[in-house]
Amino acid sequence: PGDNGFQFLSTKSGEVLYAERAGFMTEAQTEYLRKFCNLARGSYTLVVTDSGAGMFAEGNGSYVVDIDGQVILVGGRFRTEE
């Protein structure tokens, strides 16, 4: 998990609203939760990165995005970026 990171961006402006660099996750098979509150209606982009063998290559890595408890995005099978 130490080689995974992500950025959450405004699609319209490209502004990075939140980012976690590779290395912030230290324990395998551990849930890391980030909450974003008071976001304006709009379009956002999530970029998930892996500088190693790929998020799913060496285990059961994945990510889930939900809005008010409704899952809108599930991913995790990629090599370097999704």
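This report walks through the strands, a few contacts and the surface of the protein shown above.

What you have here is a predicted model, where local features need pLDDT of at least 70, side-chain atom pairs count only at pLDDT 80 or more, and totals for chains, interfaces and linings use all residues. Numbering starts from 1 along each chain as its sequence is written, and side-chain values use heavy atoms, with hydrogens and water left out.

**Overall picture**

Of the 82 residues, 22% count as buried (under 20% relative accessible area; over 50% is exposed and partly exposed is in between, with a 1.4 Å probe and protein chains only). As for contacts (heavy atoms within 4.5 Å), residues 24 or more positions apart account for 47% of those with a separation of 6 or more.

**The sheet and the hairpin**

Three strands make an open sheet in the order 2-1-3, with antiparallel pairing. Strand 2 (16-20) and strand 3 (44-50) are at the edges with a single partner strand each, so one side of each has no neighbour in the sheet. From one strand to the next, the twist averages 10° (axes are lines fitted to C-alpha atoms, and angles run from 0 to 180 degrees between N-to-C directions). Pairing, by the way, takes at least two DSSP bridges between two strands. Two of the pairs look like this:

| Pair | Sense | Bridges | Facing residues |
|---|---|---|---|
| Strand 4 (residues 63-67) and strand 5 (residues 70-75) | antiparallel | 5 bridges | Val-64 and Val-74 |

Strand 4 and strand 5 form a hairpin with 2 residues between them. In its turn, Asp-68 has a positive phi of about 50°.

Glu-20 lies in strand 2 and Arg-34 in the loop between strand 2 and strand 3, so the pair ties together parts 14 residues apart in sequence. The count comes to 1 salt bridge under the rule used (a side-chain nitrogen of Lys or Arg within 4 Å of a carboxyl oxygen of Asp or Glu). Glu-20 is buried at 16% relative accessible area, while Arg-34 is partly exposed at 31%.

Arg-34 also turns up among the contacts of Phe-24, a residue in that loop between strand 2 and strand 3. Leaving aside neighbours within four places in sequence, Phe-24 touches Asn-4, Gly-5, Phe-6 and Tyr-32 as well as Arg-34. Phe-24 and Gly-2 are 22 residues apart in sequence, yet 6.5 Å apart from C-alpha to C-alpha.

**On the surface**

Leu-17, Phe-36 and Leu-39 form a nonpolar patch with about 230 Å² of accessible area together. Patch members need over 30% relative accessible area and no salt bridge; nonpolar side chains (Val, Leu, Ile, Met, Phe, Trp, Tyr) are joined within 5 Å, like charges within 9 Å. Leu-39 sits in the loop between strand 2 and strand 3 and is partly exposed, at 41% relative accessibility. Overall the protein exposes about 6,200 Å², with carbon and sulfur atoms supplying 48% of it (Shrake-Rupley areas, 1.4 Å probe; for residues, only the protein chains shown count as cover).

Terms used
Helices (H or I, at least four residues) and strands (E, at least two) are DSSP runs, numbered from the N terminus.
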